[in-house]
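Hi there,

Here is the structure I promised to pass on. Have a look at it first, and then read my notes below.

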Amino acid sequence: MRSGWHTPRGRRRLALSACAVALVALTVVLRYWRHDAATAGVLVSAIGTLVSVAALVADVLRRDADPAPASAEEPRRRAADALAEAVREQWATEARLRRLQDPEPIDVPWAPADRRLADHPQNIRRTDGGGATGAPRNQDQNADAGHSWEGHHPPAGGEAWREPGVPAPRTSVPAGLADGFDALPWRRLVVLGGPGSGKSVLALRFVLARLSGRRTGDPVPVIFPLAGWDPRQTGLRDWLTDRLATDYPPLATVTDGNRTLARDLLDAGLVVPVLDGFDELTRPAHVDAVRRINAELDADLPLLLTSRTTAWAAAVTEGDVLTGAEVVELLPLGLGGAAAHLERTARPRRGAGGTSDTVWSPVLRHLERHPRSPLAQALGTPLMVAMARAVYGDTSRDPAELLDPGRFASPAAVEEHLLGAFLPAAYADADAEAAADAVRRLVLLARELRRRDTARLAWWELEALLPRALRLYAPGLLSMAVLSALLLPVAVTRAVRELAGVEDVLSLVAALVGQTAGFAFGVARLLPHGEHGPDRRFLLHQALTVVGVCTALWAAVAYADDLRFGFRFGSVTDGWLPDLLGGCLFSLLFTLFFGIAGLSRRPLPLGLPWTGAAERAWARACGAMLVLGGSGAAVNGLLDRSTGPWPVLMGVTAGGAGTALLVSGARRAARAAAPPQRAGRIVRRFATGMARGTAVALLTGGTACALAGCAAAGVTVLKSGAAPDLAGRHADGWRYGERGGVRTALARRPSEGTLLIPGGSARPVAYPAGAVPPDCTIPLVRGRHCAGFHTDVTVFESRRGRVVVRLSPAGRGRSESVADAANLRSMLPPEARAWLTETPPAVVLTRFLPTFVAAGVLLGVVGGCVCGVYAALSVPSDTMRTPGPGSSLRTDRTAALTRGGVVALLVALVCVPVTLVPGDRGGLAHVGTQLWLPLGTAALALSAWGRLVVARGWLALTGRLPWHLMAFLADAHRRGVLRQSGAYYEFRHVRLQSYLAGPGGASVAPPGPRESPEVRALNEPPR
């Protein structure tokens, strides 16, 4: 077998090392060869990005792997042994959390179930009509077991019945069921029981019992919670394979073609599926589930299934029995079993006459004399016995209070009391304040689950606890916060002024408020409701909403601002209202992009598209290149302080995206809900998503911008009205004249400001003193800079309503400057503005439309990029097959950071040609520089992880839940209050959740100092 650099992996590593060295060398050369550090930094970042994309494309279009071992038997055997160790460690830990080994589990009696719920005896025994028995799979085990599972259908009337050959009701669940399981020819067993009867604990003990006697190469029992299976969409074997590969990542290794090691183990009969919770499937899926199991299980695949009796009976009545499976039912606990467990788990104490007993001893003696008492009936299920043990497990409380007939007149009263005392007992080792907070928070979560009519607590749904207004405004606020955090390292004051392009703090605040409001409206109206993306009807509604709102907002901007001098992005506005409306438009279009991409209003966790080892390797490679390129760009920008913030921002963004790619490729994330596809799927997804997104965004954005330009032009014309004739007049230091169709307004007074020189032959743009031009320098744009001006004579000239300003500086030898006059209009009197800008309405419309249409085209291309990235890098996460809530959260966070960074970089690359267009007409270069970074932060804010960040902050601020929310939930799981089901948490039992959510939850008291019976006896006066 080849090794070292001769393998595909070795060649990839060698190529990646060469690329890394080349990028470092390129960074050094560009830094000392080019005097423009900003351009050098952006070139390094751009080259790194292009190399990463090229590497990814090359990988997905070509599949190579290291040669497989010569024999497949040895890897399967090693994998089965490793799986057995992982399963043993997993469920041994869960058993410790449930204190099953402290000192012994509760022994639950069982017996054969109603024969109408099982298959024919001949099928179970594999016999023909004459009674000849077919050879079972393990004849030696059958002979050693000595158990017979033969039976007949019950007589008419359905009275209780057991065939003499079937074992009598047993109490040793693992020993009886494990031995009897091997004695079954089909090795298929269904275990039924009521709520709280111990079915899940039985499955856990069954797995540990079989693992304890397992030998190398034997099958491995694995528990599969059935709540994660949709039998109407996925076959049983496919689902078992995916679940194995997700819960135990080494089994995801591809062994031969598209077959994984998990599938090999399953097909080789090295996995014993333990399907837990058949009743947790939806009622319509019960019949399909039984049909799938019967159709896909062959003689080599054993099975153990647990279900509530009612659910299984309904499935059998409406569909079919499980072929060849024996069915047993867990019986209620007898008083003897409950008493033995409570005695063994309580702390010994000195009893009467010097004998040793426990706090339960007098209580149990009373129950022996009164077996029909409420307490005796309440202790008939393992759930209530476990609750009683938790509440009275030490000497600090006396269970004799449960015998009070006034307080506990019925079994329900006893159960209510035990449920109410369970939480304080679970947090008895915490201090009083922490325990009280934990109880209050768990009651809050239980009531929230009841309000939503569910038993599953999902971290991405905690946003529902926020007020509706905050849910709408939260994405905008978070996006602004992340954007501010990115701007902080590059001199906040200068960067904010340059990037925002506003002249005072009030305008900046107005723009931020407008962006937040636009986000809120976009989240409420432009994001789809469902999980499957927008349909045609929603896209039509979305387009009409955007067109209507944009038209109205631009009309309001034209009314609040003076656009008679023309419109240019990044120009000075009249007051704060136009900035507020502009910010609202800005973020509204952002949410439009994500709505077209299919991001839901209530986003679900998203996984990562790296399904194979090779793809993860190339993700790490792309991430490394982006980190190197981003570091080089950031270093170049920091070394040259005269450049703008763009090189540093580009470098930081590239570094962040690269780090996220490295993390995403370093480990296998939560399993995706969508099945793996062929090689090249990421590129095809991107191309398809970009084409679709560009078409929709171009149609919607172009139409909205065109109509908005018409509305702005119309409002501007209506505002203009009739202008006075000022030709030949002198007023307020201004002299007006008109000659040859050219109108002039001249003032001999000193003025100063700043000229933005776009570069090339483009006309400069004048800004008054106190206003900072946006984007004085842009990497790759040569000749663009800002220069101050001081003039003694200012002349405004107008030709057919198009106004320029001539700035004549003081002193001889200084040339006159001709600049765009829109930003200096505040120098003119109102009547002078109207006279200089007087023009036919058609001219105003032709002046507005080109800029707006060009902006619409740019928005369409940018929207296509966003849709392409989301189509390629957004894979729905299977929340039921993930190893746990923490894993799901980490995967979504990594995916959100990856998408945000890639969106920002890709939009920046798309906007580069816009900034290079000669003349910078309409200020579109400023639009290009404003889009990329906020789009990246918006991608973070609109993700499920971003919503959780806001929810955590608000809930912690209001004291309802802790900031370390996931740690709190994990601690509740460790204490036995919650249990895990995929990415969800659930309360230990539905009875506990119902109690906490009901009126009883308000009466749950936190634990406090408790006096033991011994102390009370010492303090009592002698009789």
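**Salt bridges, a helix and a pocket**

Glu401 and Arg407 make a salt bridge, with their closest N and O atoms 3.4 Å apart. Glu401 is partly exposed, at 22% relative accessible area, and Arg407 is partly exposed too, at 45%. Keep in mind that this is a predicted model.

That pair belongs to a set of 38 salt bridges in the structure. Another one joins Asp971 to Arg974, where the closest N and O atoms are 2.6 Å apart. These two sit three residues apart in helix 31 (residues 965-974), so about one helical turn separates them. Why does that spacing matter? An α-helix has 3.6 residues a turn, so residues three or four places apart point the same way.

Asp218 also pairs up with Arg215, at 3.7 Å between the closest N and O atoms. Here Arg215 is exposed, with 61% relative accessible area, while Asp218 is partly exposed at 23%. There's a network as well: salt bridges link Arg237, Asp238, Arg259, Arg263, Asp264 and Asp267.

Now for helix 24, which runs over residues 646-666. Its first and last C-alpha atoms are 30 Å apart, close to the 30 Å expected for its 21 residues. Is helix 24 mostly covered or uncovered? It's mostly covered, with 15 of the 21 residues buried.

Last, the second largest pocket holds about 1,300 Å³ of space. It is lined by 50 residues, and Arg98, Leu383, Arg979, Arg988 and His989 are the closest to its centre. The lining splits into 20 nonpolar, 12 polar and 18 charged residues.

Cheers

Definitions and conventions:
Residues are numbered from 1 along each chain as its sequence is written. This is a predicted model: local features need pLDDT of at least 70, side-chain atom pairs count only at pLDDT 80 or more; totals for chains, interfaces and linings use all residues. Side-chain values use heavy atoms; hydrogens and water are left out. On a 1 Å grid over the protein atoms alone, a cavity is a set of points where a 1.4 Å probe fits but cannot get out, and a pocket is an open set with protein on both sides within 12 Å along at least five of seven lines; lining residues have an atom within 4 Å of a point. Grid points are joined across faces, edges and corners, and a volume is the space filled by probe spheres set on the points. Ala, Val, Leu, Ile, Met, Phe, Trp, Tyr, Cys and Pro count as nonpolar, Asp, Glu, Lys and Arg as charged, and the others, Gly among them, as polar. Helices (H or I, at least four residues) and strands (E, at least two) are DSSP runs, numbered from the N terminus. The expected span of a helix is 1.5 Å times one less than its number of residues. Buried means under 20% relative accessible area, exposed over 50%, partly exposed in between (1.4 Å probe, protein chains only). A salt bridge is a side-chain nitrogen of Lys or Arg within 4 Å of a carboxyl oxygen of Asp or Glu.
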